[in-house]
Amino acid sequence: MTILCVRFQLSSTGEAALPALLGLLEEFTPVVEALPPDGALADLRGAERYFGRTAVELASVIRVRALALHGVDCVIGAGPGPMSARMALRGARPGVTCAVPEDGVREFLAERPVVALPGVGTATARTLCEYGLDTLGRVAAAPLSTLQRLVGAKAGRDLHEKANGVDRGRVVPNAVSRSLATERPFGRDELDPDRHRRALLSAAGELGARLRAVEKVCRTLTLTVRYADRSSTTRSRTLQEPTAHSAALTRTAYGLYEALGLQRARVRAIVLRAEALGPADQASHQLTFDPVDEKVRLIEEVADRVRAKFGPGALKPGTLAA
């Protein structure tokens with residue numbers, strides 16, 4: 001077991017602490033991949049040799065340091081690869097690292113539902129379940145040709161390999177600063193989809209305003225939904241073109257939310273993150289003959305000037321994104 005997947009239990013306003021917590025992980029290994037808004041992957045192959053401890057032992061040290069230095073607890077999953085570490089995280093709890101042994105990945109995966117596999121969305125899971133392939137053990141035993149007929153050649157091959165414990169992923173060091181995020185916590189566990197959508201509208205409006213203020217555009221939008229049981233679901237989507245346009249961000253956020261297919265979900269918070277940021281002056285913009293879209297962009301420009309003159313509280317983000 002050489003890979004750790006760490007999820008820090010941040011407060012609703014604690015995402016600003018993530019860079020410091022990533023720095024804590026980097027004291028053990030330089031190979032750290034941020035998983036905003038509250039997690040990270042860490043490759044400890046070199047650290048195990050250097051410190052003379054296993055990854056599980058180092059995980060205990062990391063947890064103690066996070067508590068002592070930052071007052072933040074964490075849950076940690078460990079495995080021989082990023083995929084197994086991510087899945088082990090689901091079985092972890094504070095103080096107990098869930099570890100998948102290198103020779104037991106297939107056994108660990110076998111009884112898991114197919115939707116638990118990273119990268120398998122609700123539509124793919126539904127298709128597989130219709131044919132009785134509801135667990136990863138059954139998917140692993142299915143012929144490759146059958147999976148490829150059901151979900152496509154490339155996706156079928158990838159699914160077959162992962163279900164059999166083959167993990168070709170790697171930890172890619174990145175910078176959390178190359179993204180912007182905003183969170184909308186609810187005062188109580190929220191069941192109402194309309195309130196979820198209003199939170200998305202507000203979050204997308206704020207992200208758009210912040211992106212335009214720093215003259216950036218984003219290429220990818222990521223939605224994280226946190227539930228009452230402290231679990232979460234994260235989905236990302238690449239935009240058709242890099243943008244800081246609040247209306248475009250809102251449409252994408254709605255699409256991500258609807259793709260989750262939530263039914264009576266008790267949602268505790270919604271986090272929206274703009275990723276793959278780039279300079280706005282280098283981004284192309286597809287011309288449109290839609291007068292409504294052009295009008296909204298003009299209103300955004302006026303609103304941005306008002307915020308720049310009177311402060312960010314002068315207008316509520318999200319009111320222009322509808």
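Close-up 1. F28 is buried at 9% relative accessibility, where buried means under 20% relative accessible area, exposed over 50% and partly exposed in between (1.4 Å probe, protein chains only). F51 counts as partly exposed at 35%, and Y50 is exposed at 69%. This is a predicted model: local features need pLDDT of at least 70, side-chain atom pairs count only at pLDDT 80 or more, and totals for chains, interfaces and linings use all residues. Residues are numbered from 1 along each chain as its sequence is written, and side-chain values use heavy atoms, with hydrogens and water left out.

**Close-up 2. The ring pairs.** Rings of Phe, Tyr and Trp (its six-membered ring) pair if their centres lie within 6.5 Å; planes under 30 degrees apart count as stacked, over 60 as edge-to-face and the rest as tilted. By this rule there are two aromatic pairs. F28 and F51 make a tilted pair, with 5.6 Å centre to centre and 50° between the planes. F28 sits in the loop between α1 (18–26) and β2 (32–35) while F51 belongs to helix α2 (residues 45–51), so this pair ties together parts 23 residues apart in sequence. Helices (H or I, at least four residues) and strands (E, at least two) are DSSP runs, numbered from the N terminus. Y50 and F51 form an edge-to-face pair, at 5.0 Å centre to centre with 85° between the planes. Together, ring pairs link F28, Y50 and F51 into a cluster.

**Close-up 3. Strand β1 and its partners.** Five of the six residues of β1 (residues 3–8) are buried, so this strand is largely enclosed by the rest of the structure. Two strands pair if DSSP finds at least two bridges between them. β1 pairs antiparallel with β3 (residues 39–43) over five bridges, and there R7 has G39 as its bridge partner. With β4 (residues 74–79), β1 pairs antiparallel over six bridges; here C5 stands opposite G77.

Close-up 4. Look for an open sheet with the strand order β6-β9-β7-β8 and antiparallel pairing. Its edge strands, β6 (180–190) and β8 (232–243), each pair on one side only. The twist averages 15° from one strand to the next; axes are lines fitted to C-alpha atoms, for helices over the stretch in contact, and angles run from 0 to 180 degrees between N-to-C directions. Helix α10 (residues 193–213) packs on the sheet and touches β6, β7, β8 and β9, with its direction at about 160° to that of β6; contact means heavy atoms within 4.5 Å. Helix α11 (residues 246–260) lies across β7, β8 and β9, running at about 145° to β8. Within the sheet, 11 bridges join the antiparallel strands β7 (residues 216–227) and β9 (residues 267–279), and K216 has P279 in β9 as its bridge partner.

**Close-up 5. Arginines over rings.** A charge sits over a ring if NZ of Lys or CZ of Arg is within 6 Å of the ring centre and within 35 degrees of the ring normal. R112 lies over the face of F108, 3.8 Å from the ring centre. R197 lies over the face of Y254, at 3.9 Å from the ring centre.

**Close-up 6. Cysteines.** Counting a disulfide as a pair of cysteine sulfur atoms within 2.5 Å, the model has zero disulfides. C74 is buried, with a relative accessible area of 1%, and C98 also counts as buried, at 18%.
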